[in-house]
Amino acid sequence: MSVPLLLTVLAGAATFIGALFGVMGQKPSNRVLAFALGFAAGIMLLISLMEMLPTALHAEGMSPVLGYGMFMLGLLGYFALDRMLPHQHPQDMMVTNRRPANLRRTAILLTLGISLHNFPEGVATFVTASSDMELGMGIALAVAIHNIPEGLAVAGPMYAATGSKMKAIFWACVSGMAEILGGIIAFMLLGPLVSPVVIAAVMAAVAGIMVALSVDELMPLAREIDPHNNPSYGVLCGMTVMGLSLTLLQTTGIG
């Protein structure tokens, strides 16, 4: 197994950790969950806008029109897919007063929604790590961090609706598998097509997806989970930590 694919698998598997929290009655505080989501958003935003997009634009043979066009395609494509397909968002994890039947339907639709978001994340992790292992590890870390609350978001309502820990963990793992599937498909499709322009174009589109995910999903969810604290603190901390990490790696010649 290639290292980029292994990173994708590990990031997707973090959903299982969240599922365990959801069924073991050891749910982290809303403040911790919100900070983790903001932290992941900060990592994604910095890597997408400061590393991935500039790297794509400066790739050999890449034109600015194609680079920015692919970025906008990823950005708008994410929002289009999110609006067109019927699903629930992780915000539904906050709903606790529904009847079991409705709660089970919410949990299933929530699994679908998170799976739809996890699939491009798997592609993002694989593509980024294939081009730059340093950035790939950063994306994998951010994805893994926010997959824990997502696993909790799926397993919690399903456990409440069915009373079965195994079913709750199963559905949470299904959403994580979508991410791994995205990495596998990227591995199969991009393997024979690897070229500087192709990788750069896909990376620009992935950067757009990551920005949309951070702005549309992670930051609003962090605010809704913990409305008494500003999610910007987590975002700024995520940017600061990742920025310092990249600076350290590049200064020491590792990156």
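Student: Where does Gly-163 lie?

Tutor: In this predicted model, Gly-163 lies in the loop that joins helix H5 (133–162) to H6.

Student: Is Gly-163 buried or exposed?

Tutor: Gly-163 counts as exposed, because its relative accessibility is 53% and the cut-off for that class is over 50%.

Student: What is the C-alpha separation between Gly-163 and Val-23?

Tutor: Their C-alpha atoms are separated by 9.3 Å, although the two residues are 140 residues apart along the chain.

Student: Which other loop residue could we discuss, say between H4 and H5?

Tutor: Asp-132 lies in that loop. With a relative accessible area of 29%, Asp-132 is partly exposed.

Student: Let us step back. How many helices and strands does the protein have?

Tutor: The secondary structure consists of eight helices and zero strands. Read along the sequence, the pattern is therefore α-α-α-α-α-α-α-α.

Student: What share of the contacts joins residues 24 or more positions apart?

Tutor: Among contacts with a separation of 6 or more, 84% are between residues 24 or more positions apart.

Student: How much of the protein counts as buried?

Tutor: Of its 255 residues, 51% count as buried. The accessible surface comes to about 11600 Å², and carbon and sulfur atoms account for 72% of that surface.

Student: Which residues make the nonpolar surface patch?

Tutor: Phe-119, Leu-181, Ile-185 and Leu-189 make a nonpolar surface patch of about 330 Å². Helix H6 (residues 165–190) contributes the largest share, with three residues.

Student: Where is Phe-119 found, then?

Tutor: Phe-119 is found in helix H4 (residues 100–131). Phe-119 counts as partly exposed, because its relative accessibility is 30%.

Student: New topic: how are two packed helices described?

Tutor: They are described by the angle between their axes and by the distance between those axes.

Student: What are those values for H2 and H3?

Tutor: Helix H2 (residues 30–57) and helix H3 (residues 64–84) pack at an angle of about 140°, and their axes are 9 Å apart.

Student: Why do H2 and H3 count as oblique?

Tutor: An angle has to be over 145 degrees to count as roughly antiparallel. The angle here is about 140°, and H2 and H3 are therefore oblique to each other.

Student: Which residues meet there?

Tutor: From H2, the residues are Leu-49, Leu-53 and Leu-57. From H3, they meet Pro-64, Gly-67, Tyr-68 and Phe-71.

Student: Now Asp-216. Is it buried or exposed?

Tutor: Asp-216 counts as buried, because its relative accessibility is 18% and buried means under 20%. This residue lies in helix H7 (residues 196–225).

Student: What is Asp-216 in contact with?

Tutor: Leaving aside neighbours within four places in sequence, Asp-216 is in contact with Tyr-78, Phe-79, Asp-82 and Arg-83.

Student: One more residue: where is Leu-6 found?

Tutor: Leu-6 is found in helix H1 (residues 3–24). A relative accessible area of 39% makes Leu-6 partly exposed. The C-alpha atoms of Leu-6 and Ala-140 are separated by 10.0 Å, and the two residues are 134 residues apart along the chain.

Note on methods:
Residues are numbered from 1 along each chain as its sequence is written. This is a predicted model: local features need pLDDT of at least 70, side-chain atom pairs count only at pLDDT 80 or more; totals for chains, interfaces and linings use all residues. Side-chain values use heavy atoms; hydrogens and water are left out. Patches are made of residues with over 30% relative accessible area and no salt bridge: like charges are joined within 9 Å, nonpolar side chains (Val, Leu, Ile, Met, Phe, Trp, Tyr) within 5 Å. Accessible areas come from the Shrake-Rupley method with a 1.4 Å probe; for residues, only the protein chains shown count as cover. A salt bridge is a side-chain nitrogen of Lys or Arg within 4 Å of a carboxyl oxygen of Asp or Glu. Helices (H or I, at least four residues) and strands (E, at least two) are DSSP runs, numbered from the N terminus. Buried means under 20% relative accessible area, exposed over 50%, partly exposed in between (1.4 Å probe, protein chains only). Axes are lines fitted to C-alpha atoms, for helices over the stretch in contact, and angles run from 0 to 180 degrees between N-to-C directions. Angles under 35 degrees count as roughly parallel, over 145 as roughly antiparallel, 65 to 115 as roughly perpendicular and the rest as oblique. Contact means heavy atoms within 4.5 Å.
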